[in-house]
Amino acid sequence: MKDIIRVKSLISADVETLLNQQIKKEAQSSSAYLSMASWCDRNGFDNSAEYFFKQAEEERQHQMKFFRYVLDMGGTALSPEITNVKIEYNSFREIFEEALDQEISVTQSIKNIAARCHKEQDYVTVEFLNWFFKEQREEEYKARRALELFDLIGEEGTGRWEIDKHVGKIHYGNEAGE
Amino acid sequence: MQNTTLEVSTHLAEVYSTVKGAVYQSDSEKCWYVDFAGKMAKFDYRNILKLKKAIYAIDIEEILLNSSKTADVEIVFICACEHCYVLTLLEIISFKELLEGTFVMLSLNQILHDRLYRIAA
């Protein structure tokens with residue numbers, strides 16, 4: 001009896017489900033960042049708005065990368081439905097706290113997919129995921145640095161204006177330690 | 001007509017069967033024949049996955065606990081597939097059992113192929 005399923009698809013049904021969940025997670029992240037950009041713009045934090053617009057775009061690219069991978073491997077990529085996107089935030093700081101939480105959650109979720117891939121020896125997907133691990137290093141670094149500005153500069157007086165000014169300058173070199 | 005039946009049956013391999021039904025694989029047509037609820041239906045790769053998803057998605061517990069007077073049948077319609085099933089609760093349970101067994105056997109077949117032909121001994 002031929003192995004038709006393997007001929008049709010490189011990834012297993014379980015990995016496909018996890019990748020589809022990740023597609024949704026990236027889409028949610030992108031929407032959340034867009035919402036954060038909107039809040040920052042409404043409240044006069046121009047640089048932060050720009051930073052979040054860029055982040056929203058990046059998350060969208062991540063989503064598409066997963067989407068195309070599932071299709072390329074013979075799977076069914078699902079276009080996700082995104083609901084309950086937050087509109088209002090209590091403070092400028094809260095936005096950056098949520099941004100970091102979101103990035104941590106994305107990293108953990110990709111680690112979970114990799115764990116599953118290792119279990120079933122799907123090294124092809126593991127290799128694909130490696131790009132994301134490097135990307136998450138940068139994403140978490142940037143989100144953490146942004147939050148640290150609140151402690152370094154302080155929010156009193158023109159503090160928030162100063163923080164906003166510095167958010168756009170956060171940069172992560174290609175190699176750790178740069 | 002009889003010839004056609006014979007021709008089909010010669011290249012079908014049984015994947016899994018229960019007392020209620022069976023699933024056969026045709027290597028030449030790259031598809032599966034599902035013998036259930038009084039009919040033999042042909043499914044290709046995409047459609048059998050859609051069938052699996054549709055059957056697995058039925059909440060059996062919810063139907064069991066539902067005390068409303070609605071008919072105890074579920075209509076399983078698969079998009080872009082010519083087959084449709086109208087199943088009672090007992091049939092849903094049997095169908096799920098049949099499909100679960102089928103997919104376990106297909107996974108086992110994949111492991112066997114890996115071990116026997118794909119991975120150098």
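Two residues are in contact if their C-beta atoms, placed from the backbone, lie within 7 Å. The legends below describe a predicted model.

**View 1. The contact between chain A and chain B.** Nine residues of chain B and seven residues of chain A take part in the contact. On the side of chain B that touches chain A, helix H4 (residues 89-118) of chain B gives the largest share, four residues. Sorted by class, this side of chain B has three nonpolar, four polar and two charged residues.

**View 2. Chain A and its helices.** Chain A has six helices and zero strands. Read from the N terminus, the order of its elements is α-α-α-α-α-α. Along the principal axes, the C-alpha atoms of chain A fill a box of roughly 75 × 35 × 20 Å. Chain A has 178 residues, of which 31% count as buried. Among the contacts in chain A with a separation of 6 or more, 76% join residues 24 or more positions apart.

**View 3. The crossing of helices H2(B) and H4(B).** The axes of helix H2 (residues 45-56) of chain B and H4(B) come within 10 Å and cross at roughly 135 degrees. H2(B) is therefore oblique to H4(B), because an angle counts as roughly antiparallel if it is over 145 and as roughly perpendicular if it is 65 to 115. The crossing of the two helices, H2(B) and H4(B), is left-handed.

**View 4. Residues between H2(B) and H4(B).** From H2(B), the contact is made by Lys52(B), Ile55(B) and Tyr56(B). H4(B) brings Phe95(B), Lys96(B), Leu99(B) and Phe103(B) to the contact. By class, the residues of the contact of H2(B) with H4(B) are five nonpolar, no polar and two charged.

Definitions and conventions: Residues numbered from 1 in each chain as written. Chains lettered and ligands numbered in written order. Predicted model: local features only at pLDDT ≥ 70, side-chain atom pairs only at ≥ 80, totals over all residues. Nonpolar A, V, L, I, M, F, W, Y, C, P; charged D, E, K, R; others polar. Buried ≥ 20, exposed ≤ 12 C-beta atoms within 10 Å, placed from the backbone. Axes fitted to C-alpha atoms, helices over the stretch in contact; angles between N-to-C directions. Parallel < 35°, antiparallel > 145°, perpendicular 65-115°, else oblique. Left-handed = near helix turned anticlockwise from the far one by under 90°.
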